[in-house]
Amino acid sequence: MDKFLIINWGLIGDVISSTPLFEEIKSSFKDTHLTVITKPYSYPILQYNPYIDKIHILPKKEYIYEKILNRFSLFTFYKELLFCKYDYCIDLIGNTRSAFLSLLSKAKLKIGLYKKKHLRNIIYDKFVFLHNLSPHLSSKINEFLKTLNIKSRNLYPRIYLREEEIQRVKRLFSDVSDKRLKIGIFPGAGWHAKMWPLFYFRNIVDKFESPEIEFYLLLGPRESKEFVISCKGLFPDITLIENIDLRETVAFIKQLDLLITNDTGPLHISRAVNTPVIGLFGPTCPDVVELDKDSVGISGYYNCPYLDRKKGDINPCLNTFCKDPQCIKSITVAEVENALRIFISKMGG
């Protein structure tokens with residue numbers, strides 16, 4: 001039996017994009033046991049994945065050197081890392097903490113990200129070189145597969161839901177006719193620079209107010225109180241979905257016919273559960289996500305006043321901390337309206 005240890009945490013989009021790795025390994029190695037080390041906020045994405053045999057949760061914001069033994073029992077921790085005799089360790093993170101875990105694994109083959117002038121490079125036996133990566137989120141996974149001599153066949157992300165989770169969320173739609181289009185709106189984002197103006201979303205709802213369409217406003221758990229109040233005041237006439245956990249959010253998005261969202265976690269969730277999406281991109285680029293044919297990515301980065309076109313600044317700045325994000329603000333209501341009308345026409349509306 002080949003024993004794999006995969007160190008995997010990060011932003012929701014990064015964790016979701018890594019899910020094909022597990023299936024590819026299981027398909028290419030006949031007899032494998034696959035263990036993943038992740039963090040609490042990433043765990044719901046990986047939970048119930050049929051290609052993962054065991055998941056260890058590493059507490060966020062804890063220093064490995066000082067506190068790891070307080071978080072895991074000696075028996076569990078040393079059994080899995082020191083005495084499990086892993087054959088392969090794949091470090092998808094490439095920081096000091098993940099490198100330390102790679103070292104503890106004592107795996108026969110340790111694979112990690114190569115970064116210049118980092119002492120942790122000596123820990124790994126094989127590397128994925130950052131300069132080989134394309135902007136696509138799936139590029140890193142493809143490069144790791146190459147180090148294992150695996151030719152990738154399916155790099156489409158997946159989140160696996162249980163039937164009871166789906167049925168529980170379906171109750172939210174009990175009063176809605178199956179003939180009505182269920183369109184979700186997620187106006188939040190991790191950074192202000194990624195947020196399309198809230199009243200633009202309101203304009204979209206007003207333009208498409210119809211008995212054939214049911215809108216839902218989805219709010220994440222990390223939204224500020226001021227933002228939540230603004231949303232409730234601006235959208236008193238549509239169903240508000242809040243205070244649900246990440247698994248319930250995934251199940252909810254799966255039931256939608258379409259999600260309109262900024263470039264944030266729910267956009268990546270939509271792709272993983274096959275829900276079409278209209279994604280709004282400011283300082284980032286739609287090409288990174290590789291949206292499917294039924295989805296649309298609308299970008300405004302080319303309207304950024306801080307890019308110097310004469311010097312060849314033609315790519316998104318990726319400055320998610322910009323105080324004046326003209327890029328996301330430059331996406332017009334008309335652009336989103338047009339994309340939504342095209343989607344509705346495809347659905348026969």
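The buried residues of helix α7 pack against α10 (246-255), where contact means heavy atoms within 4.5 Å. Buried means under 20% relative accessible area, with a 1.4 Å probe and protein chains only. The model is predicted: local features need pLDDT of at least 70, side-chain atom pairs count only at pLDDT 80 or more, and totals for chains, interfaces and linings use all residues. Residues are numbered from 1 along each chain as its sequence is written, and side-chain values use heavy atoms, with hydrogens and water left out.

**Helix α7**
- Helix α7 spans residues 163-170, and its buried residues are Glu-165, Ile-166 and Val-169.
- These residues cover an arc of only 100° around the axis, which puts them on the same side of α7; the arc is that of the directions from the helix axis to the C-beta atoms.

**Helix α5**
- Helix α5 (residues 96-105) is largely enclosed by the rest of the structure, because seven of its 10 residues are buried.
- The buried residues of α5 include Arg-97, Ala-99, Leu-101 and Leu-104.
- Three serines, Ser-98, Ser-102 and Ser-105, also belong to the buried residues of α5.
- At the start of α5, the backbone nitrogen of Arg-97 lies within 3.2 Å of a side-chain oxygen of Asn-95.
- Lys-106 follows α5 and has a positive phi, near 55°.

**The six-stranded sheet**
- Strands of a sheet pair through backbone hydrogen bonds, either parallel or antiparallel.
- Six strands form an open sheet with parallel pairing, in the order β9-β8-β7-β10-β11-β12; two strands pair if DSSP finds at least two bridges between them.
- The edge strands, β9 (239-241) and β12 (296-299), each pair on one side only.
- From one strand to the next, the twist averages 20°; axes are lines fitted to C-alpha atoms, and angles run from 0 to 180 degrees between N-to-C directions.
- Within this sheet, β7 (residues 181-186) and β10 (residues 258-262) pair in the parallel sense over four bridges.
- Phe-186 stands opposite Thr-261 in β10.

**The whole protein**
- The protein has 13 helices and 12 strands; helices (H or I, at least four residues) and strands (E, at least two) are DSSP runs, numbered from the N terminus.
- Of the 349 residues in the protein, 53% are buried.
- Among contacts with a separation of 6 or more, 61% are between residues 24 or more positions apart.
- The protein exposes about 17,600 Å², of which carbon and sulfur atoms supply 53%; accessible areas come from the Shrake-Rupley method with a 1.4 Å probe.

Technical notes
Buried means under 20% relative accessible area, exposed over 50%, partly exposed in between (1.4 Å probe, protein chains only). A polar contact is a pair of N or O atoms within 3.5 Å; within protein, one must be able to donate a hydrogen and the other to accept it, and residues adjacent in sequence count only if both atoms are side-chain atoms.
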